[in-house]
Amino acid sequence: MKRFVPLQIVGLLALCAILLPGTSGRAQSDPLPSWNDGPAKRSITEFVAKVTKDGAPDFVPPAERIAVFDNDGTLWPEDPVPFQMAFVLDELKRRAPNEPTLAADPMVQAALAGNVAKLLDGPHHDGLLRIVALTHAGMTTEDFDARVQAWLASAKHPRFGKPYDQLTYEPMQEVLGYLRANGFKTFIVSGGGADFMRVWTERVYGIPPEQVVGSTGRTKFELRDGGPVLVKTLDYLFVDDKAGKPVGIWQFIGRRPIACFGNSDGDQAMLEYTTIDNPHPSFGLIVHHTDAEREYAYDANPKSSGKLVDALKEAPRRGWTVVDMKTDWKQVFASGQVSPPVEQEPVTAIDVLLEPDATMLQHAKANNARLLGVFPKGFALDATHRPHITLIQRFVRTADLDEVYAAAGQVLAGANVTGMKLEAFKYYYAPTGAVGVAGICARPSPELLKLQADVIAAVKPFVVETGPIGAFTAPHDDPATDAAMIQYVSTFVPKMTGENFNPHVSTGVAPRDYLDQMLAEPFEPFTFSPAGAAIYQLGPFGTAAKKLKEWDSNR
């Protein structure tokens with residue numbers, strides 16, 4: 001039976017929810033809970049109230065409620081470098097060692113040397129645009145999307161130790177939601193690459209790709225393998241910075257904004273276009289970075305982009321709100337999103353391993369030659385890709401490596417490593433995208449399982465949960481493979497240990513369809529022994545790339 005509540009009681013309950021301190025109604029009535037009460041917060045709410053009150057003289061129809069936001073430094077940080085530059089730098093580090101022409105470019109050399117000033121020199125950060133074009137050209141738009149997604153999944157901010165897309169400003173996220181709840185259409189108008197931002201803005205900000213205005217390059221249409229693709233080129237069509245921002249707004253939005261949010265002199269023209277002689281009431285806001293403890297403090301002398309001098313001087317005359325991050329924001333990032341900012345400790349990806357004897361080496365090298373014959377881009381077994389049987393792979397603090405060596409060495413000293421008899425009985429492979437890393441498997445004997453468990457326990461005090469691709473000796477050609485390897489090492493214990501342990505010697509890389517055929521072939525078992533033990537730094541595809549410590553094989 002449905003129960004009816006008198007309307008008078010409903011009205012009283014609603015009134016109490018609004019008026020009584022500490023009630024949920026009061027919390028819900030504050031659209032900007034991460035903002036401290038003060039002039040900055042009031043300027044936002046008063047403007048919204050003014051332009052959304054139907055019938056009032058300052059009412060603006062919903063179709064004309066356009067709000068534009070800069071991205072870097074306004075919605076998320078831009079230090080120590082803008083996040084797209086961090087992506088490009090990681091791309092250069094990955095590609096330059098294998099592409100001499102790319103590595104010879106002066107701007108690429110400046111980027112790899114950390115000369116950010118040279119990259120940002122010129123009216124439109126010309127050096128940065130150059131390396132962006134060099135690293136993006138020739139890719140299809142789908143390939144580019146995949147690279148950006150893979151990078152976001154694996155890369156972390158060097159100071160905050162969190163993925164870049166988890167570092168948006170909570171107060172500005174609230175502003176975005178508040179404006180949309182009041183009939184505004186929100187756009188990003190940023191000097192960053194439009195294609196880069198469109199990959200993630202809808203997921204991160206609730207702003208769909210068609211509402212992102214940014215610097216754009218020329219794309220060309222092609223048919224590849226019978227299907228249509230768009231291919232990125234070296235040519236830049238439009239640079240969406242400084243005076244280019246009002247031009248971009250008109251070209252891509254077609255309406256004049258009534259609200260503009262920025263943080264630097266690069267946003268001044270956009271602020272002026274929004275607020276000077278606008279036929280509608282208008283609003284301009286500048287985020288001033290003043291909080292070195294929770295984020296960064298800069299204006300006239302930023303580390304990279306985000307210089308704020310002229311726009312800050314102009315703000316009082318134009319009536320623009322200047323947000324003092326330190327005093328106006330209760331919190332900078334979402335609660336629990338970022339731990340107190342500390343510099344991330346260097347991390348090394350290690351492999352505690354057993355080195356096989358001549359019998360296994362002979363079989364491993366024969367299989368490696370076979371795989372290289374079908375996939376020359378794979379790795380050869382050599383000094384930087386030593387055949388081995390992994391006991392554990394872990395991320396450890398680089399500063400603790402000597403203690404790791406001592407702890408593992410004590411365990412290995414008590415084990416009869418060279419006396420173990422192991423049986424190799426099949427091929428296997430671990431898939432990494434379209435290819436797989438193949439190997440020869442050994443049966444996990446009780447002795448081997450005990451040794452692994454003891455090494456896990458010995459190294460545990462020095463382990464960190466995960467690490468960046470920089471913890472390896474080198475990245476892969478594909479960022480998706482970087483992400484897969486980081487995940488593999490992060491979860492090696494417990495996913496690849498104990499009852500899940502698959503002792504093997506990796507022998508090479510090949511396409512998965514070829515490896516499926518190889519696994520279907522008969523395998524003749526053989527017996528071998530470890531010849532010694534060592535700790536290596538991991539390289540691409542989980543290879544033992546750099547020897548850090550070894551123990552006497554006669555022990």
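Reader: Which ring does the charged end of lysine 232 sit over?
Author: In this predicted model, the charged end of lysine 232 sits over the ring of phenylalanine 144, 4.7 Å from its centre. A charge is said to sit over a ring if NZ of Lys or CZ of Arg is within 6 Å of the ring centre and within 35 degrees of the ring normal. Arginine 256 likewise lies over the face of tyrosine 273, at 5.0 Å from the ring centre.

Reader: What should I know about the numbering and the values?
Author: Residues are numbered from 1 along each chain as its sequence is written, and side-chain values use heavy atoms, with hydrogens and water left out. As the model is predicted, local features need pLDDT of at least 70 and side-chain atom pairs count only at pLDDT 80 or more, while totals for chains, interfaces and linings use all residues.

Reader: Which residues do ring pairs link into a cluster?
Author: The cluster consists of Trp76, Phe83, Phe87, Phe144, Trp151, Tyr164, Phe196, Trp200 and Tyr205. Rings of Phe, Tyr and Trp (its six-membered ring) pair if their centres lie within 6.5 Å; planes under 30 degrees apart count as stacked, over 60 as edge-to-face and the rest as tilted.

Reader: And how many aromatic pairs does a search of the whole structure find?
Author: The search finds 24 aromatic pairs. In one of them, the rings of tyrosine 169 and tryptophan 329 have centres 5.4 Å apart and planes at 55 degrees, so this pair is tilted. Tyrosine 169 lies in the loop between helix H9 (141-154) and H10, and tryptophan 329 in the loop between helix H16 (325-328) and strand S8 (347-356), so the pair ties together parts 160 residues apart in sequence. Helices (H or I, at least four residues) and strands (E, at least two) are DSSP runs, numbered from the N terminus.

Reader: Are those two residues, tyrosine 169 and tryptophan 329, buried or exposed?
Author: Tyrosine 169 is buried, at 0% relative accessibility, and tryptophan 329 is buried with a relative accessible area of 1%. Buried means under 20% relative accessible area, exposed over 50%, and partly exposed in between (1.4 Å probe, protein chains only).

Reader: Let us turn to helix H10. Which of its residues are buried?
Author: In H10, the buried residues are Pro171, Met172, Glu174, Val175, Leu176, Tyr178 and Leu179. Their cover includes helix H3 (39-52), strand S1 (66-69) and strand S2 (185-193). Just after H10, glycine 183 takes a positive phi of about 85 degrees.

Reader: At what angle do helix H4 and H9 pack?
Author: Helix H4 (residues 83-95) and H9 pack at about 100 degrees, with their axes 11 Å apart. Axes are lines fitted to C-alpha atoms, for helices over the stretch in contact, and angles run from 0 to 180 degrees between N-to-C directions. H4 is therefore roughly perpendicular to H9; angles under 35 degrees count as roughly parallel, over 145 as roughly antiparallel, 65 to 115 as roughly perpendicular and the rest as oblique. Residues making the contact (heavy atoms within 4.5 Å) include Phe83 and Phe87 of H4 and Phe144 and Trp151 of H9.

Reader: Why is helix H14 described as largely enclosed?
Author: Six of the eight residues of helix H14 (residues 268-275) are buried, so the rest of the structure largely encloses H14. Those buried are Gln268, Ala269, Met270, Leu271, Thr274 and Thr275.
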